[in-house]
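Here are my notes on this model. Please read them with the structure open.

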Amino acid sequence: MDNLLSNAIKFSPAGGTVIVQLRRRGPDVVMDVLDQGPGILPEDRDRVFEAFYQGGSEYTGPVKGTGLGLAIVKEYVNAHRGSVEIIVDGNPGAHLRVILPSRQIEVAA
């Protein structure tokens, strides 16, 4: 959550809005995080979850990122048998969706 929200805040303009939506969908919990920043460029979408990759979107804020935030998000979500994806919905800004199972799944040893 921290990495998703800090990215959304970091890339949104001053006075912008970050939307967080949480809902159940069947056996899953779905969380959407939307910001009003420049969005994720189409050429960056396949790589933004790679460690140390920093996309080409303009960022003029005071804190430069390391390119680890979304890679960490993906690792944690995968460890909990979930998925994370970029939603392309025609709206400005980035829209990331995390889907997690709402129950712990038993794993045979």
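1. In which sense do strand β1 and strand β2 pair, and over how many bridges? Residues 19-25 (β1) and residues 28-34 (β2) pair in the antiparallel sense, over seven bridges. Strands pair if DSSP finds at least two bridges between them. R23 has V30 as its bridge partner in β2. Two residues lie between the strands of this hairpin, and G26 takes a positive phi near 60°.

2. Provenance. This is a predicted model: local features need pLDDT of at least 70, side-chain atom pairs count only at pLDDT 80 or more, and totals for chains, interfaces and linings use all residues. Residues are numbered from 1 along each chain as its sequence is written, and side-chain values use heavy atoms, with hydrogens and water left out.

3. Layout. The chain has two helices and four strands. From the N terminus, the order is α-β-β-α-β-β. Both kinds of element are DSSP runs, numbered from the N terminus: helices are H or I, at least four residues, and strands are E, at least two.

4. Of the 109 residues, 30% are buried (under 20% relative accessible area, 1.4 Å probe, protein chains only). Take contacts (heavy atoms within 4.5 Å) between residues at least 6 apart in sequence: 46% join residues at least 24 apart.

5. Pocket lining. For the second largest pocket, α1 (2-11), β2, α2 (69-79) and β4 (95-101) each supply at least two lining residues (an atom within 4 Å of a grid point). The largest share, four residues, comes from α2.

Notes: Buried < 20%, exposed > 50% of the residue type's maximum accessible area, 1.4 Å probe, protein only.
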